[in-house]
Amino acid sequence: MTVTDSAGHFGPYGGRFVPEALTAALDQLDAAFRAAIIDESFRAELAGLEHDYTGRPNPLTLARRFGAECGGATVYLKREDLNHTGSHKINNVLGQALLTKRMGKTRMIAETGAGQHGVATATAAALMGLECTVYMGESDTKRQALNVARMRLLGAEVVPVTIGSRTLKDAINEAMRDWVSSVEHTHYCLGTVTGPAPFPEMVRYFHSVIGREAREQILAAEGRLPDAVAACVGGGSNAMGLFSGFIDDESVQLRGYEAGGQGVETGKHAARFAQGSPGVLHGARTYVMQDEWGQTIESHSISAGLDYPGVGPEHAWLHDTGRAVYEPVTDTEAMDAFAVLCRTEGIIPAIETAHGLAGAMRLGKTMGPDALIIVNLSGRGDKDVATAARWFGMDLGAGVEVSEGR
Amino acid sequence: MTRHASLAAAFAHAKSENRAALIGYLPAGFPTAADSVRLINQMVASGCDIIEVGLPYSDPLMDGPAIQEAVDIALHAGTTPETVLEVVEQVVAAGATAVVMSYWNPIERYGVERFATRLEAAGGLGVITPDLTPEEAGDWIAATDAHGIERIFLVAPSSTDARIAKVVESTSGFVYAASTMGVTGARTTLGSAAGELVARTRPATDLPICVGVGVSTGEQAATVASYADGVIVGSAFVKRVLDAATIDDACIAIDALTRELAEGVRS
């Protein structure tokens, strides 16, 4: 499925709802993106970075013992956690950093929730000699202190955002405000498949390598397409990257798992499809958690990266057309899956990713032992060790307290 | 000061006095609905020609810290679009020439047609939409045409001449020229960008062109008034209210600022 018109709409979703001051920059970005992706030298440079720097292609790992916990289904993990910087986020950032240089800009700014996108942006900025500022909700700087330290080590300025809910939503507001003021020399490296056009389409393009590799790898390993591909969905970039490889294969179910927080019935969640409605947030029309007056409702999730009241507009369209199915996964279900993966496969996943794993466990039990499922292992869980230790009531001693920060 | 029946009449009145119009912004419901009516009435009494009644929104990404804080206070006070329409109705009844300034989602959620209907009934004359551009405004254009509501879009220093032509084609009432690349809030100095933007916009339209973002003093108002048809002041009013200990103090501060700005547009 592709963008359905030149203004970046996916059905009724997407588009551009931004201050006029940003229109010129978005037009410039759109033109630079479209020129770059048909330019062999750009494609070769990006492919070279993916291979030599990120470490792609990453494996598609058969998870036998985890599969046994998924109703006996055959489950493969797409190992985005093995990328340099530890998540899928680097795919998008390297592409946008190259575009930043092509546009002659010298600074990148980014928002970050869990810190994975911020770390990836700081990394690419260091690699390419760009200045970097990352906006992060103050609440998130506390629960993801390790990533704050990583960004600072990489030379980025991290700005804790102290307004609103102090999470990802507010970090995006602040990044947009910075961008309006600095757009002449600054590129806003948006970290997911939402925002004003061309971001949703562009970010999906840079992540499409996930689905492309996974499709080739599963055909090589199993000689057939999977029955389902599954991923967690915050903004939805890792899911869009995986889905894009299978979207035209009608037999492949596309499954997205959003944060059910403390339970959809409690109101403390980030389940946009379960409880949200179409609206406009951060430059795009999409599903939004909003009250009857159109005010954004604060989301809640144990996972900073899924704690966002909006979702990528292409997901909204995939949802409405029925091509993809989205379900909430609670904090508890995600942490249970987190523990299962640790102990069955020796892989500590990011808590975001654990939502997709919980979804695969649910899906496998429904589909049965003949099912073939790919789960996007979108990120590794080093950053979440302190949160997980607290969740499981483990005493890890003073060292963890330090890395947790205050 | 008496209410003008149209924005055109308000600008014609200012022009007849050989000056620019003064446009003052305050969010409805800030700090409470009743107090915002009182403050706006003060702005009108002290010399604002047109009032921009702000519709508080949870994610005001074109606004700086002062307005963010004000809308936060308004939202915590329970302000809804219904409150905003009631405030418009009350200040219009008291003699204000009023438009609404709103981010897009609350209007879309309220219902585009319903909002235009209710605003017309309340006596509001137009709506400024800072995050809606003409490309996404199909339903809005139809609804505002049907109800005689002026559609005020923005141009910015980064807008190309072709963009300006496209934006003003869909605009009515007046053109809002953002003075600088940035969010709302007082600036100690205003650069040359605003004057250049107005000069580039002039050939594209016969509509009045008003400059906003960053204007906070009588001196700045005088400078802007030398090349624009209207001077828009928002954060400076909001700041006066935030800094006041009581609503009476806020009224006194608003009166003083309005008089200073009104003198500026007349110099």
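A polar contact here is a pair of N or O atoms within 3.5 Å, one able to donate a hydrogen and the other to accept it. Keep that cut-off in mind for the first stop; the model on screen is predicted.

**Stop 1: Y326(A)**

Select Y326(A), which lies in strand β13, residues 324-330 of chain A. Show its side chain together with that of H315(A): the two make a polar contact at 2.7 Å. Y326(A) has a relative accessible area of 10%, under the 20% limit, so the residue counts as buried.

Next, display what surrounds it. Beyond its neighbours within four places in sequence, Y326(A) is in contact with V233(A), F243(A), G256(A), F273(A), H315(A), L318(A) and H319(A). Pick F273(A) from that set and draw a C-alpha to C-alpha distance to Y326(A): the value is 6.8 Å, for a separation of 53 residues in sequence.

**Stop 2: helix α10**

Select residues 237-244 of chain A. Seven of the eight residues in this helix are buried, so the rest of the structure largely encloses it.

**Stop 3: helix α14**

Move to residues 351-367 of chain A, the 17 residues of helix α14. From first C-alpha to last, α14(A) reaches 24 Å, close to the 24 Å expected at 1.5 Å a residue. This helix is mostly covered, with 13 of its 17 residues buried. Step one residue past its end to G368(A), where phi is positive, near 90 degrees.

**Stop 4: the interface of chains A and B**

Now show both chains. How much area do chain A and chain B bury between them? The figure is about 2,800 Å², with 50% of it on carbon and sulfur atoms. Select E20(A), R177(A) and W293(A): they supply 27% of the area that chain A buries against chain B, more than any other three residues. The contact involves 32 residues from chain A and 34 from chain B.

For specific pairs, start with R285(A) and E108(B), whose side chains form a salt bridge at 2.4 Å, N to O.

α8(A) gives the most, with seven residues. By class, that side of chain A has twelve nonpolar, twelve polar and eight charged residues.

Key. Residues numbered from 1 in each chain as written. Chains lettered and ligands numbered in written order. Predicted model: local features only at pLDDT ≥ 70, side-chain atom pairs only at ≥ 80, totals over all residues. Heavy atoms only, no water. Buried < 20%, exposed > 50% of the residue type's maximum accessible area, 1.4 Å probe, protein only. Helix = DSSP H or I, 4+ residues; strand = E, 2+ residues; numbered from the N terminus. Contact = heavy atoms within 4.5 Å. Buried area = accessible area lost by both parts, 1.4 Å probe. Salt bridge = Lys/Arg side-chain N within 4 Å of Asp/Glu carboxyl O. Nonpolar A, V, L, I, M, F, W, Y, C, P; charged D, E, K, R; others polar. Expected span 1.5 Å × (residues − 1).
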